[in-house]
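Please look over the chain below before reading on. The report starts with the whole and then goes through selected sites.

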Amino acid sequence: MNDDYENNFKPVRPNMLPYGQQWLTEEDIEAVVQVLKGDFITQGPSIQDFERKVADYVGASYAVAFTNGTAALHAACFAADIGPGNEVITTPLTFLASSNCVLYQGAQPVFADIDPHTYNIDPEDIKRKITADTRAVIAVDFTGQPVEVDKILSITQEHNLVLIEDAAHSLGAEYKGRKIGSWADMTMFSFHPVKHVTSGEGGIIVTNDETYYKRLSKFRNHGMTRDPEDLEINEGPWYYEMQSLGYNYRMTDLQAALGSSQMNRLDQFVERRNEIVSIYNEQLSTLPELILPYQLPAAKSSWHLYVIRWPLEKFNLSRKQVFEALREMNIGVNVHYIPVYLQPYYQQLGYEKGLCPIAEQYYENCITLPLFPKMSDTDVYDVCEAVTKVYQFALKQ
Ligand SMILES: *Cc1c(COP(=O)(O)O)cnc(C)c1O
């Protein structure tokens, strides 16, 4: 097989195509330069402008921006009053931050398995995992496809739980015709460069609840307030109070200006992601053994990731070999994600292999293809060519 292997898997393009990348324009750069030339590079008006823009776009009343999405999730856990003794149900098929934020607050993540078709958290398994100590659910819109948020909300409302939606993948997505960000008690978006819109690093929580909004705002700024209405006493114009233990999780105005400028092109970004997905769906559906992404009719994905699965019993290569072959061909494939509780740190906490069998099976044969709006059609066809080569080489006769 080895000579064959070498000959088959030559680069299909001269440079490595990454799996995700930002798309910045001169306008974006100019927006940041304007802030640099102004009076405030942090704690200025660009923050509120950005918060307003995101809140209006998703149809939420309030937004609080943070240094990054992870800090935003930490703040949401604080605002939801999650603490020692509480359990929070989340998915294992996510980035570490979705459950680390529970640990930051001294509470316990509980993992519910995924739906085998959508790969999102299974509402039925959420129900099974609820105990008297459950305080919240953190649902993740994996790859940009919204979770079944109406079903999950009816569960959380019945059991008096807080629903935090980790929508790091799903800015611009809709469920039943309503934007993600308008459904859950609190929703988090990330502005890391691989996400839909970037601010360098950045994150935000949107909510319709004024109490959460106030708690989030204080948490971002050391637990401090200067708002005369919130003060316990008021010793004068200089006076501020620290009322809880917060952090410095403030976004800068430079980041907010970049984020605002990028928001202007969000719809265009989502549209281009959809176009790329259409090409993938069309080209790769000619490879019948591959499992392409399944979409619920009610969900309108914003397509952060395009994941294909290789039923390995039908192929002569392992997942590692398929992955390495695609990388050798200069296609920057990736794997999203290693189930969180399989990480050494979580294993030390006592989580065991076998906890969520569907997520573990998914992890064995998934591969993420490059997907970002700046990709050209040629880039997309390069990916399809490489996948087709590996498929035809590896398919058992
Ligand atoms: C990116 C991401 C985060 C964390 O966001 P950062 O801004 O990188 O801190 C959290 N959850 C998911 C699912 C993500 O993809």
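Contact here means heavy atoms within 4.5 Å. The model is predicted.

## Overall build

The chain holds 14 helices and 14 strands. Its radius of gyration is 22 Å, close to the 21 Å that the globule rule gives for 397 residues, so the chain is as compact as a globular protein of that length. Along the principal axes, the C-alpha atoms fill a box of roughly 80 × 55 × 40 Å.

Of the 397 residues, 56% count as buried. Take the contacts between residues at least 6 apart in sequence: 73% of them join residues at least 24 apart.

## Surface and charge

The accessible surface comes to about 17,200 Å². Carbon and sulfur atoms account for 49% of that surface.

## Helix α10

Helix α10 covers residues 266-284. Does its length agree with the rule, or disagree? At 1.5 Å a residue, its 19 residues should span 27 Å; the end C-alpha atoms are 27 Å apart, which agrees.

Buried positions in α10 are Leu266, Phe269, Val270, Arg272, Arg273, Ile276, Val277, Ile279, Tyr280 and Leu284. Their cover includes the helices α3 (45-58), α9 (253-263) and α14 (377-394). It also includes the strands β13 (306-309) and β14 (366-369).

Val277 is found in helix α10. Is Val277 buried or exposed? Its relative accessibility is 4%, under the 20% cut-off, so Val277 counts as buried. Beyond four places in sequence, Val277 is in contact with Trp303, Tyr306 and Leu371. Glu210 is 67 residues from Val277 along the chain, and their C-alpha atoms are separated by 38 Å.

Trp303, one of those contacts of Val277, sits in the loop between β12 (299-300) and β13. Trp303 has a positive phi of about 55 degrees, although it is not a glycine. At 6% relative accessibility, Trp303 counts as buried.

Arg265 lies in the loop between α9 and α10. Its relative accessible area is 10%, so this arginine is buried. Leaving aside neighbours within four places in sequence, Arg265 is in contact with Trp23, Leu24, Thr25 and Asp28.

## Strand β1 and Phe66

Phe66 lies in strand β1, residues 62-66. At 0% relative accessibility, Phe66 counts as buried. What does Phe66 touch, not counting residues up to four places away in sequence? The list is Ala71, Ala72, Ala75, Gly202, Gly203, Ile204, Ile205, Leu216, Arg220, Tyr249 and Met251.

Tyr391 is 325 residues from Phe66 in sequence. In space the two are 43 Å apart, C-alpha to C-alpha.

Ala80 is in the loop between α4 (69-79) and β2 (87-90), and Asp81 is found in the loop between α4 and β2. Phi of Asp81 is near 65 degrees, a positive value in a residue other than glycine.

Ala80 has a relative accessible area of 0%, so it is buried. Apart from neighbours within four places in sequence, Ala80 is in contact with Arg135, Val162, Ile164, Met186 and Tyr212.

Arg226 is found in the loop between β10 (224-225) and β11 (241-242). Setting aside neighbours within four places in sequence, Arg226 is in contact with Leu231, Trp238, Tyr239 and Tyr240. Thr90 is 136 residues from Arg226 in sequence and 35 Å from it in space, C-alpha to C-alpha.

Which residues does a cis peptide bond join? They are His336 and Tyr337, with omega at about -5 degrees. Tyr337 is in the loop between α11 (319-328) and α12 (344-348).

Key: Residues are numbered from 1 along each chain as its sequence is written. This is a predicted model: local features need pLDDT of at least 70, side-chain atom pairs count only at pLDDT 80 or more; totals for chains, interfaces and linings use all residues. Side-chain values use heavy atoms; hydrogens and water are left out. Helices (H or I, at least four residues) and strands (E, at least two) are DSSP runs, numbered from the N terminus. Buried means under 20% relative accessible area, exposed over 50%, partly exposed in between (1.4 Å probe, protein chains only). The radius of gyration is taken over C-alpha atoms; the globule rule is 2.2 Å times the number of residues to the power 0.38. Accessible areas come from the Shrake-Rupley method with a 1.4 Å probe; for residues, only the protein chains shown count as cover. The expected span of a helix is 1.5 Å times one less than its number of residues.
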